[in-house]
Every structure is written in structure tokens, then in C-alpha cells.
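Open the model in your viewer and keep the selection tool at hand. The stops below go one by one.

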Amino acid sequence: MREVRVRFAPSPTGALHLGGVRTALFNYLFARKHGGKFILRIEDTDQTRFVPGAEEYIIKSLEWIGLDIDESDLKGGDYGPYKQSNRKHLYTKYAMELVEKGFAYYAFDTPEELEAMRKKLEAEKASVQSYGPKTRMTMKNSLTFGQEQTKLMLQSGAPYVIRFKMPEDEKLVLKDIIRGEIKADTSILDDKVLYKSDGMPTYHLANIVDDHLMKISHVIRGEEWLPSLPLHYLLYRAFGWLDTMPEFAHLPLILKPDGKGKLSKRDGDRLGFPVFPLHWEDPKTGEVSRGYEEAGYFPEAFLNMMALLGWNPGNTTQEIFSKEELCNLFSLEKVSKAGAKFDPEKNKWFNKQYLELKPNEELAEYFIEDAKKDGVIVDKEKAAKICGLVKDRCHFSHDLWKESTYFFIAPESYNEANTKKFWKEDSADILRKAVEILNGESDFSAKNLEEKISAWIKENGLNFGKVLNPMRLVLAGECKGPHIFNILEELGKEESLKRIEKGIKVLC
RNA sequence: GGUCCUUUCGUCUAGCGGCUAGGACGCAAGAUUUUCAUUCUUGUAACACGGGUUCGAUUCCCGUAGGGACUACCA
């Protein structure tokens, strides 16, 4: 195989969504697998859709996920600039080349005229495109005007576009790495605009020119591009670049968890899960979207779950993969053909797996930060210890602190359902007795307390539930959490007794 | 509407002519347990349909039906 060079080529029109993340990821994995280069190219040929901050957001997102870029404007590289608006001068030349060779032509139709044609064809229920081999000779272009008039039009400064001249009637069989053979019939394809009246190329032209110039070996992109594959192939052919044309792989789409269609930002809002990697505030609408990062997902978990959406190494039941493993195992042949419905529930599970795998010291950092937000300063050792106690109950990094605030903040009230269930007539008496015992202990370690309290329970013919449940209720405010003796140890004698005594007062 | 792509449990998927169709998420039940969880065990549930090809089709081919994408001077 030739040197692998792949690119992720997003358009800076907003935050990077999950589909984009997955496309970037698969490009990255493919590059790493084959010792190739992963290139970031910004496709900003549509100036009307440019969103400030989007480019920076994309770069920051890739960074968070851990996809390091080999070539980009920021990183440098031999094929820059890597932003299409800065390559504008290049495209004109190539557009002209196609016109001269007879593969493209000037068109002068107004939007109204184009719309009229579309309407007319729709009314006739014609199965052809509005501007293609069957209709182009009825429109206003250099083909119908002839050389002289075209020249005059251009000289007069009339707005024009350059359109690709689709072959009349050719049956194409193209190759896609994931799907095999793709069939197309040029007679019903349209003469796409390659060069816009504002002097910018469209995606189609810029994409082919840049991929060629940047020596891209494999184009890995979303399935929404599959219908353009024939045009892109024809462009390579027109330029005479067929021998170095990249191979194509069209990734299946990520679909809504329920219902139908492509996953959109709306679905995330509606179903309560993030669709962007990082926090995003739309500068135009002011709309704020939560990201995976702030929702408490770990980048490794996020990467793992995205990798398995539409891809599977096969012949294994393994689901937890490190980035390195993924780089080793990845192959385009194992990418699924059909779209995958996004499952937020499974993502939670993935995150939990990673949370459990992480050492307590690492979790402590998330814990300390969240505690600080609530005005509680926790030292690292204690934070790590508590993370170890509560991590079983957590799915996200933020759960760590949420599940253990009572270690630091005494309960203001007691969970009603728990009180009803666990606070009995004799609870107060039992706890008063327990206070006496606890008061007599100078060693407040979980181990010692467990021994002493257990012995007392047995001697007096009580049972654990009758003692420990009410005690938990008054210590933590509700009946959940790690072993009660661990809670006592962390709270310490003074605080423990204070809470129990207060609980007796309030609940009696 | 037209074109192209696609189809295994509710979901993500394994399977690449012969399997009791496997795993995971979810859900349910049970076990463990002082609580909530975790963990463990078990259960639930799928080859869209109809034709071929073949000794034999989930697997290959063709239809039908679902689903998706595209159909902009957007990418």
C-alpha cells in the first residue's frame, strides 16, 4: 500500500457533533494502524455559514479525545495552508482548466430561473436532475450561448458559476472499501456547481483539488457523501489524476436512539444526553450545549464507545479497548454497512467501566474539584480514600462527589421514604445505647468499630438492620452508601456522635 | 417522486454454506448484603418477507417490504 495519508475535513459551521467525532476517530485509527499521517483540513468555502470559534472548538475536541494531529495549520506540514479559504487562489486555476478541457462550462442562470426549472420538472414528474445532461441545453450557459456571447457576458461582469459537464450516458461502477461496488448512471446525475459566483469553489472542487495536492491516500467520510462519489470520481478523471485517486470508504451514519433519521442536536436535548464532546455556546443563537466532558465522561471511555459504534474487530467478546489496542486492531473492512442507532444507556455503562478501572488517586482530582465548587476543601489522600468507598455507586466523575457530600456536610433533613422504612419505635433507644458504646471507643477505625458494635448487637440479641439502618439515616440523611463503619471512621468520633444525637432529637 | 446505500434479539453487534445463532447494553428474577450500589447466577429476546442457487442457506443471487442518505452557488 502507498503511504497512508488521511484527512479529517470538517466545516467550521458549529460544534463538532458525534458523527464528526466518529469520522475523525476512524481516520485517526486508520492512520495509526498503517503508520500514516492524520491531517486536519478546515473546509470553510461557505463564508455564509462560518461560525466564529468553531475551528478552535474542533481542535480542542480532538485534543480532548486524544486524537493527535500530524499536519494542520497549527501543527505545520508540507502541504499547507490547511484551510481552504487560504487556498482560494489555487481553485480558480483548476476550475479554468476544466472549462478549457471541455469538462466544465459557465452558467449564468439566476436563482429564480433555476427554481422555475425545478418546479417545471417536478410538475412533469421527470426523473432527471434540474441541471444535467437532459436539461442543460435549455438553460443559460456557455454551451447554449456559444463562445462569442459567453465572452461578452463575462466581460460585462455578469455573475456566473462554473458547472461540471456530466457525461450524457455512462454507467459507472465505483469502489468503496466498506460497501464494495457502487453503481451510478451519469444520465440522471446533475451538473454540479464547482465554482461559485463569489469566487469560491464548492466542496466538490476544493475537496478533490486538495486531496490530490495533499496526496491523500484514503478518503474516509460519512455516508452522506456516497451520492457524490460518481462526481468526485469523474473529477479525478477529468483532471487526469485517476492513477493517484484515493480509495474511498463511506462510514455508516449515526442515527437517533429512537425514531428515525440522523442523530441531531435536538435529540440530545430531548433525550437528555450530550451530542458534543465539549461545552459549546453558539455565538449566533447564544444557545448553550453541555458536552461529554462536563457531563463527567472520561475521554478514553468516550473514545472507546465511539469506536464501537459501527465498528467491531470481530471474533471477540471484548468491549473495553484502549486507544493503543484500537490503533492496532482497526480495519475499514470491519466497519458495518448499516447506520447505528445511538444508545446513551450503553455509553453510561462504558463510562462506569472506565471509572472502576481508574486508580483512586486519579479520581480524587475530579472529586477535589467538585468539592471545591461546593466550598469544601478536601486533601488528596482523603479524597482518594472516599473515591474508593463510593466508586461502585458511580457512573460519572461528578457522581463521586455527589455520592459522598454527607462525609463533609451534615444532613439538613432525612429522606422521608427511608425514615418511614427504617426509623422504628425503638430506634431512638437503640441509638442512645450505641452512642454510649461509640463514646467509649478511642480507636475509631472501621475495623475496631465493626468488631465492637457487632459484638454488642449479638450480645443483646438485636439485629444489624435495627441498629445500622437508623444510624445510617442520621449520619448520612438517607440510606445509601458504603459500609457504615467506614462512614463512622471518616466522620470521626465527634462528628459522628453529634449527628446521631441530632438525629435522635429530630426524629423522635 | 427519482437515485444510491442498507436490513441478525428493543439497542450495539459476532457470524463470512452445515452453530442448541454467541456476547454486551437494557429489562426481569434470584443469590450476596446493615442501606444504596457493586458483584454473581439465571431468564427475556433476533436471522424482515418471497423466490431462486445448492445435498444444505442467517451466510450467495434476484425481487418485495422496511430503514437511511442524497436530490443547494451547504458541507
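Which helices and strands each supply at least two residues of the surface near RNA strand B? Select helix H4 (111-123), strand S6 (180-185), strand S13 (340-341), helix H11 (344-357), helix H18 (464-476) and helix H19 (484-491). Helices (H or I, at least four residues) and strands (E, at least two) are DSSP runs numbered from the N terminus.

This is a predicted model, in which local features need pLDDT of at least 70 and side-chain atom pairs count only at pLDDT 80 or more, while totals for chains, interfaces and linings use all residues. Residues are numbered from 1 along each chain as its sequence is written, and chains are lettered from A and ligands numbered from 1 in the order in which they are written.

Stay on H18, which gives the most to this surface, with 5 residues.

Next, select strands S3, S4 and S7, an open sheet in the order S3-S4-S7 with antiparallel pairing. Strands pair if DSSP finds at least two bridges between them. S3 (104-107) and S7 (193-195) are at the edges with a single partner strand each, so one side of each has no neighbour in the sheet.

Zoom in on S4 (residues 161-164), joined to S7 by 2 bridges. Arginine 163 has valine 193 in S7 as its bridge partner.
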